[in-house]
Amino acid sequence: MERNLKNVLVISFGFLFLFTAYGGLQSLQSSLNSEEGLGVASLSVLYAALILSSMFLPPIIIKKLGCKWTIAISMCCYIAFSLGNFYASWYTLIPTSVILGLGGAPLWSAKCTYLTIAGTSYAEKAGKNAKDIINQYFGVFFLVFQSSGIWGNLISSLIFSQSSTNGEITEEDLACCGAYNCLTDTTNTTESAKPSNSLIYTLLGVYTASGVLAVLLIIIFLDQIKSDQAETEKEKLETPSFWSTFLATFKHLKDKRQCLLIPLTMYSGFEQGFLSGDYTKAYVTCALGIQYVGYVMICFAAVNSLCSLLFGKISQFTGRKLLFALATVTNTACIIALLLWKPHPKQFAVFFVFPALWGLSDAVWQTQTNGLYGILFEKHKEAAFANYRLWESLGFVIAFGYSTKLQVYIKLYILLSILVLSMATYGAVECLEAKSSPGTPTATKKENGGPLTQETRM
């Protein structure tokens, strides 16, 4: 096997094992650690730490440690979060959430740097176009990585399905499920259906082992980048100074289009936060039991992956406006339906319809918003995507932050309001683009989410 391709596969499967654990844990936080909102509070802190990490740490850590050891050590930050869940409390989950958040940005940056160097190196040897090889390597990476959402959630559902408390949800409990959930009673409902400690420890043991396997895979099988390649990349990392990168992020807000895209970017964080933090708890865990959370999130992950691939291909024919319209209509219909629907175990299929439609919409928000940033701010991509990560992460922080303080119907109204505002400001951006370049059919350019799509998902 060609050496660079071997390294790409090592990174791909390393991330697969790591995010099999993290993705499953994130989906379960609001249900598994519901006491005083500990689970969602930890996710809010995690994304706040990610914001700070994205601004400051990646260039420094990669310069000091190199890509291989940055990846390995950052993966250990994720393992710390899994360990913190063994004895979930404010003194264990919050610190480990901070550690994970700080390790998240260096991990993804080192991965992108490594794949870029590997692609460039092979292209030079083979006499091929570097961009084509790099795109192929990222394609291989995401082909493997995307399935992590399926495996992590499948493991949790298979383990929790062994729980002896399954099926003990009463009609009185069901009255507190859905949009008009009982804030005081939902925790009790969740606790009554909570799996035994032995099953929880079994799940956490599997997740921790998966994370350790990822680290070992990187340490043992991933080749260190050659010194001359590493030095070249370090020079690129050093070009913008520590503070100039930080300031460039906020200077970019002088661009009116960037300001207008803030609601749309934050909405991406809000809608993902609602699905993993509120839908899983107030609808799925409350009415079906925690053992079904994994299956529901598998449905979301599968549809999301397929639609991301599909929309990346067809956007060059349909244009982004049509796809944004499709996502808006779909999300609006889901929000209204969730406001009206009273979940009940007899309506089993409906629990999977919502995450499937949500996955379709999210595929548009991810691929097309990333593509829009790449097209509008072609000359200032670094600052633009730094803003993308900043505002989407802030959306996560706020969504998880108020998760335990408000009833679900209020959150749905907030979500709908932000969606309407997002489409209004997005329309303004399209109008500005049409006026500034009436002869350029930017709406019909190929818009692909690329590797940055997953970076903000940790």
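Me: Which residue does Lys6 form a salt bridge with?
Reply: Lys6 forms a salt bridge with Asp223, and the closest N and O atoms are 3.2 Å apart; a salt bridge here is a side-chain nitrogen of Lys or Arg within 4 Å of a carboxyl oxygen of Asp or Glu. The pair links distant parts of the chain, with Lys6 in helix α1 and Asp223 in the loop between α8 and α9, 217 residues apart. Helices are DSSP runs (H or I, at least four residues), numbered from the N terminus.

Me: What kind of model is this?
Reply: This is a predicted model, in which local features need pLDDT of at least 70 and side-chain atom pairs count only at pLDDT 80 or more, while totals for chains, interfaces and linings use all residues. Residues are numbered from 1 along each chain as its sequence is written, and side-chain values use heavy atoms, with hydrogens and water left out.

Me: What else does Asp223 pair with?
Reply: Asp223 also forms a salt bridge with Arg3, where the closest N and O atoms are 2.8 Å apart. Asp223 lies in the loop between α8 and α9 (227-238) and Arg3 in helix α1, so this pair ties together parts that are 220 residues apart in sequence.

Me: How many salt bridges are there in the whole structure?
Reply: A search of the whole structure finds 6. Among them is the one between Glu430 and Arg320, with the closest N and O atoms 2.6 Å apart, and this pair links helix α16 (residues 408-436) to helix α13 (residues 320-340), the two residues being 110 residues apart.

Me: Glu430 and Arg320, buried or exposed?
Reply: Both Glu430 and Arg320 are buried, where buried means under 20% relative accessible area, exposed over 50% and partly exposed in between (1.4 Å probe, protein chains only). Lys6 is partly exposed, with a relative accessible area of 26%.

Me: New topic: which residues touch the most other members of the largest nonpolar core?
Reply: Phe15 and Tyr279 do, in a core of 125 residues, a nonpolar core being a set of buried Ala, Val, Leu, Ile, Met, Phe, Trp, Tyr and Cys residues joined through side-chain atoms within 4.5 Å. The largest share of this core, 17 residues, comes from α2.

Me: And what does Phe15 touch?
Reply: Not counting residues up to four places away in sequence, Phe15 touches Thr20, Ile71, Met75, Leu107, Trp108, Lys111, Phe141 and Phe145, with contact meaning heavy atoms within 4.5 Å.
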